[in-house]
Amino acid sequence: MHGEERSTRAALERAGHVGLASRIGLDGTLVPPDGRAGPGAPDAAGVGYASRVPEQRIIARRSLGNAPTRPDGLRLASLAALGEEQFSTHMLAASGGDPFDTSTEESALEDLLEIIEGAGDHFDPHAWYVVGDGEGEIGVVLPQPLPDKPGTGTVFYVAVLPSRRGRGKGRQLHQFGLSELARRGCTEYVGSTSVDNAPMVAVFQANGCELEH
């Protein structure tokens, strides 16, 4: 997994997300997360940008040989159908109040484009979804086969709208993501979260993942 300029942060974060060893060179810090390179900034910027990647992570692994079944009654709208700008607004809405998500109204589209670059050749806009049910929209899930690990997939992003939280919807979206990875030919799942993200740790456990600290 390799990133340059705008995609550097996305690649670094994705590596941390799935527990891969990673490094960043000085040239990778010349363009900050907001995409604007400033004169004289690289030295200080390099420390700040790289430090955005959490160091203490919990790694989750699960075989997809007996993948969870796809939850019933879901309504799907893909990135391909909605377009990047509209899809990014759904991601922003689902991240509301989440202390582990730093997207803003100004950065939401750019953040989505960075994640797309991190997916590499395996990116499929028909397989990233805004998910709803009979009560309305639930949230967003981005199941993704890893470009450098054949047969292994992850969920790049999963978020539930604030109004739908606390009712098992995070587990349901993650379960759907696992079923999608199996449908796309993945046999193993790997993901991670901050050690402080108790709700996501609970989702991993509910969906049969083995955790590594």
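Is Lys-149 buried, exposed or partly exposed? I looked it up: Lys-149 is partly exposed, because its relative accessible area is 27% (buried is under 20%, exposed over 50%, partly exposed in between, with a 1.4 Å probe and protein chains only).

**Ground rules**

I am working from a predicted model, where local features need pLDDT of at least 70, side-chain atom pairs count only at pLDDT 80 or more, and totals for chains, interfaces and linings use all residues. Numbering runs from 1 along each chain as its sequence is written, and side-chain values use heavy atoms, with hydrogens and water left out.

**Whole chain**

I found seven helices and seven strands in the protein chain (DSSP runs numbered from the N terminus, helices being H or I with at least four residues and strands E with at least two). Their order along the sequence is α-α-β-β-α-α-α-β-β-β-α-β-α-β. The chain has 213 residues, and 46% of them are buried. I also noted the contacts (heavy atoms within 4.5 Å): of those with a separation of 6 or more, 68% join residues 24 or more positions apart. The exposed surface comes to about 10,700 Å², with 49% supplied by carbon and sulfur atoms (Shrake-Rupley method, 1.4 Å probe; for residues, only the protein chains shown count as cover).

**Back to Lys-149**

Lys-149 sits in the loop between strand S4 (136-145) and strand S5 (152-160). I checked Glu-188 against it: the two are 39 residues apart in sequence, and their C-alpha atoms are 9.9 Å apart.

**Ser-78**

I went to strand S2 (residues 75-78), where Ser-78 lies. Ser-78 counts as buried because its relative accessible area is 12%. A polar atom of its side chain is 3.1 Å from the backbone nitrogen of Ala-81. Setting aside neighbours within four places in sequence, I list Phe-87, Pro-125, His-126, Trp-128 and Tyr-129 as the contacts of Ser-78.

**Helix H5**

Nine of the 12 residues are buried, including Asp-111, Glu-114 and Gly-118. Gly-120 follows H5 and has a positive phi, near 60 degrees.

**H4 against H5**

I then looked at helix H4 (residues 84-94), which packs on H5 at about 105 degrees with the axes 8 Å apart (axes are lines fitted to C-alpha atoms, for helices over the stretch in contact; angles run from 0 to 180 degrees between N-to-C directions). That angle makes H4 roughly perpendicular to H5 (65 to 115 degrees). On the H4 side the contact includes Phe-87, Ser-88 and Met-91, and on the H5 side Leu-112, Leu-113 and Ile-116 are among the partners.

**Thr-102**

Thr-102 is in the loop between H4 and H5. I put it down as exposed because its relative accessible area is 59%. Its C-alpha is 9.5 Å from that of Leu-92, 10 residues away along the chain.

**Helix H6**

Helix H6 (residues 169-183) runs 21 Å from first C-alpha to last over 15 residues, close to the expected 21 Å. With 11 of its 15 residues buried, H6 is largely enclosed by the rest of the structure. Among the buried ones I noted Lys-169, His-174 and Glu-180. Gly-185 follows H6, and its phi is positive, near 100 degrees.

Conventions
Polar contact = N/O pair within 3.5 Å; in protein donor to acceptor, adjacent residues only side chain to side chain. Parallel < 35°, antiparallel > 145°, perpendicular 65-115°, else oblique. Expected span 1.5 Å × (residues − 1).
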